[in-house]
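Here are my notes on the model you sent over.

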Amino acid sequence: MTGNQKSKVIILGIETSCDETSAAVLANGEDLRSHVISSQISTHQKYGGVVPEIASREHSMHFRPVVQQALDEAKVTFQDLSAIAVTYGPGLVGSLLVGVSGAKAMAYASKIPLIGINHLEAHIYANFIQHKDLQFPLLALLVSGGHTHLILFEGHGKYEVLGYTRDDAAGEALDKVARTLGLGYPGGPQIQRVSQEGNAQAFKFPRAMLEADSLDFSFSGMKSAVLNTLNSARMRGEVLSVPDIAASFQEAVVDVLVRKTLMAIKRTGVKTLLLAGGVAANKLLRETLEMSLVKLGIRLVYPEPIYCTDNGAMIATAGYYHYLVGDFAPWTLNAVPGLSFPRLNN
Amino acid sequence: MKYLTIDTTTKVTALALAEGGQLVSEGFLHTSKTHSERIIPMLDQLLSAADWSLQDLEMIGVVRGPGSFTGIRIGIATAQGLAQVLNLPLVAVVSLDALAWAGKGRTEDIVPILDARKNEWYTARYHWRSGAERADCLTPPQAMATEQWLDYLRGLNCSICFVGDAAGKAKERIEEVLGERAVILPDYISLPRGAYAAQAVWERWKEIGEGELVEPYYIRFSEAEVNWAKKEEARRNGKDE
Ligand SMILES: [Zn+2]
């Protein structure tokens, strides 16, 4: 690496909040030099979901080699880095601590700043990896296994949470229904897969809209409606079509997400919607949004599927914007498993 | 040879800087704060107090368990992170081996006991022969039900010196079972110390003479794995019938 590399801003991003150990090297906020993801999905599959202690053990084994591979593929060393960004919450505490401890030691030994990243914020920043032309204000719909948020994004570091789920997250509801239907883990992609052969009109599941002016979500009642339908069918000795149930439930979830999003767009007047989080990879959600937004002249932006999962590239991207304003973490940085969405400068 | 040791396997954050087996500087914090908050600031203080820089370090030693699962991982991630950047060899020792140094020079058997929850201890048994460079390990590390272990120790015909974070709490029960044959050292000797890890790491370094691949030493499987294995066994037995 040549000397002038140092004048560039090179960020190492590290993510260990759940079941992916990931690291990425990003130059100047736009040049993704490397991106390594070590997924544990197959390890957790037999347990039907992520087991926190096993996840932590896996991170502990994979952390060092994943970081080394990211540096090697980017052809950089620690001496070339400007800062190290790491997820410090929300997530599984034991998993977060592996990344936070390792990142801290690396930054301290490299004598470069440490940047603590909120995982939710990073999911939104995943959109900046491939779209360099985004203009504020932006509206973000963050949908994942742990979160369902509508966020007004007025500038880097300036957020307002407009609505969030009061019970289950959208992805969580999909996971639970998938498990009940015997579709396995992770549930979202499985529901999407079997729904292709199902009739989405077969069952009319309720759409929980809450108060007329609320941008909050509630998915637990919708999930219960599916379970009730299955139970009463079982008692009558009927066998219901799994694809029909999956398709109808998926449609109900997407319907609520889209309706609330349209309400938020009307209220804020933004011209661009960012999709973020694991459920952002859902095809029905993307297509339904696209159809409604095109009529309104609103641009829909979403990350490639690889950047919808938990990944180091989005951490490095968020880290880059924190770096530009000198927002660094102290050496006492701790994991914050219940970290909420930042309401900075608000 | 200058080196750093890290022990975060219990609630104590214990760091040491040492040179050729000689302790130079030691950090000991037993407060309610987490390892994650304390470890790098403590390292920074120790280095500047010793007038060392990171570049002076030639090796890093870490205590890899058994103990708190989370603590083990914090210690190893920190040691690995430092070693990776500084390009230093890494050496690992077992927490119970390190604690055996708390009883150096004593004639009793040394039994470290670490709180393993669920009425169990992580434990082992050592003996210091006079003039020996390291303790002999008489019973290898294991997770053991407390009463079962005390019962076993009662059957031995010797005096026993207890160390470790569970020793103080179990004092009464130990004395009840072993009577005068038990010696329980006070916390300031018997909790993990940077000094003990510094000795154990130096012995390890003399033994292998190069860095090693460091992995956590949990002794126990995670609960989910144990339950899964039980279910699988039940399923298999059901099939056989
Ligand atoms: Zn996520």
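**Salt bridges and a sheet**

1. Let's start with Asp216(A): its relative accessibility is 12%, so it counts as buried. Keep in mind that this is a predicted model. The cut-off for buried is under 20% relative accessible area.

2. What does Asp216(A) pair with? Its side chain meets that of Arg166(A) in a salt bridge, with N to O at 2.9 Å. This pair ties together distant parts of the chain, 50 residues apart: Asp216(A) is in the loop between helix H6 (187-195) and helix H7 (220-235) of chain A, while Arg166(A) is in the loop between E8 and helix H5 (170-180) of chain A. Arg166(A) has 43% relative accessibility and therefore counts as partly exposed.

3. Next, have a look at Glu53(A). It forms a salt bridge with Arg57(A), and the closest N and O atoms are 2.7 Å apart.

4. Arg73(B) is buried, as is Glu53(A).

5. Over all chains, the salt bridge count comes to 32.

6. Now the sheet in chain A. It is open, with five strands in the order E8-E7-E6-E9-E10 and mixed pairing. Which strands are at the edges? They are E8 (158-164) and E10 (299-301) of chain A, each pairing on one side only. From one strand to the next, the twist averages 25°.

7. Helix H8 (residues 242-268) of chain A packs on this sheet, where it touches E6, E7 (148-155), E8 and E9 of chain A. The direction of helix H8 makes about 160° with that of E6(A).

8. Last one: how do E6 (residues 138-143) and E9 (residues 272-276) of chain A run, parallel or antiparallel? They run parallel, and four bridges join them. For a spot check, take Leu142(A), whose bridge partner in E9(A) is Ala276(A).

Notes: Residues numbered from 1 in each chain as written. Chains lettered and ligands numbered in written order. Predicted model: local features only at pLDDT ≥ 70, side-chain atom pairs only at ≥ 80, totals over all residues. Heavy atoms only, no water. Pairing = 2+ DSSP bridges. Helix = DSSP H or I, 4+ residues; strand = E, 2+ residues; numbered from the N terminus. Axes fitted to C-alpha atoms, helices over the stretch in contact; angles between N-to-C directions. Contact = heavy atoms within 4.5 Å. Salt bridge = Lys/Arg side-chain N within 4 Å of Asp/Glu carboxyl O. Buried < 20%, exposed > 50% of the residue type's maximum accessible area, 1.4 Å probe, protein only.
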